[in-house]
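Thanks for making time this morning.

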Amino acid sequence: MLSIFASPKGYKAPPKRCVYSQKSKLSDQEHASVYRCIQPALNYKKNMCCFHDDTFYTIEDNKSTVIDTLKEYLRQPKREDKDWLNCVGFNIPSEFEWKDYTFEQPVNFTRARFYGKTTFQNVIFEKNVTF
């Protein structure tokens, strides 16, 4: 007998969103707001994305996934000028090179963790940046 709550054979649930959220106040805001990650959650641990799961990047095979996903995230089509590029709470491996890049919109690195030595070589922030 099939329960009304059972999933059909072969059914795969859509990926969940990352559960990470963080209250922060940006320089152009009068009051603090809550940032909620919109990245898909990993089926790895804690229902967080590759940026917010603080153990995912520590597995050697996963570092390239985090780096490639971050590069793709930064290449996304430009949002409206007033929209912040949110890197809130990201865990960024030291192997990621911040080099020769121009941020054309405001960037929020609140509570981001840069592991190892991090340099922003020839990086231009054209708008506000929050660390």
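Predicted model: local features only at pLDDT ≥ 70, side-chain atom pairs only at ≥ 80, totals over all residues.

Let me start with the side chains of Lys63 and Glu60, which meet in a salt bridge with 3.7 Å from N to O, where a salt bridge means a side-chain nitrogen of Lys or Arg within 4 Å of a carboxyl oxygen of Asp or Glu. The two residues are three apart in helix α1, and are therefore separated by about one helical turn; helices (H or I, at least four residues) and strands (E, at least two) are DSSP runs, numbered from the N terminus. Residues are numbered from 1 along each chain as its sequence is written, and side-chain values use heavy atoms, with hydrogens and water left out.

Lys63 is buried, at a relative accessible area of 18%, whereas Glu60 counts as exposed at 58%; buried means under 20% relative accessible area, exposed over 50%, and partly exposed in between, with a 1.4 Å probe and protein chains only. Lys63 also forms a salt bridge with Glu95, the closest N and O atoms being 3.2 Å apart. Because Glu95 lies in the loop between β4 and β5 (98-103) and Lys63 in helix α1, this pair ties together parts that are 32 residues apart in sequence. Glu95 itself is partly exposed, at 39%, and Glu60, Lys63 and Glu95 are thus linked in a network of salt bridges.

The count of salt bridges comes to four, and another of them joins Arg113 to Asp54, with the closest N and O atoms 3.9 Å apart. Here Arg113 is in strand β7 (residues 113-114) and Asp54 in the loop between β2 and α1, 59 residues apart. Arg113 is partly exposed at 40%, and Asp54 is partly exposed at 30%.

Staying with that loop, what does Gln39 touch, leaving aside its neighbours within four places in sequence? Gln39, which sits in the loop between β2 (33-36) and α1 (60-75) and counts as buried at 15% relative accessibility, is in contact (heavy atoms within 4.5 Å) with Lys16, Arg17, Cys18, Cys49, Phe51 and Tyr73.

As for aromatic rings, a search of the whole structure finds 20 aromatic pairs. Rings of Phe, Tyr and Trp (its six-membered ring) pair if their centres lie within 6.5 Å, and planes under 30 degrees apart count as stacked, over 60 as edge-to-face and the rest as tilted. Phe51 and Phe90 form a stacked pair, 4.2 Å centre to centre with 10° between the planes, and both Phe51 and Phe90 are buried.

Finally, three strands form an open sheet in the order β3-β6-β9, with parallel pairing; two strands pair if DSSP finds at least two bridges between them. The edge strands are β3 and β9 (129-130), each pairing on one side only. Two bridges join β6 (residues 107-108) to β9, and the bridge partner of Asn108 in β9 is Thr130.
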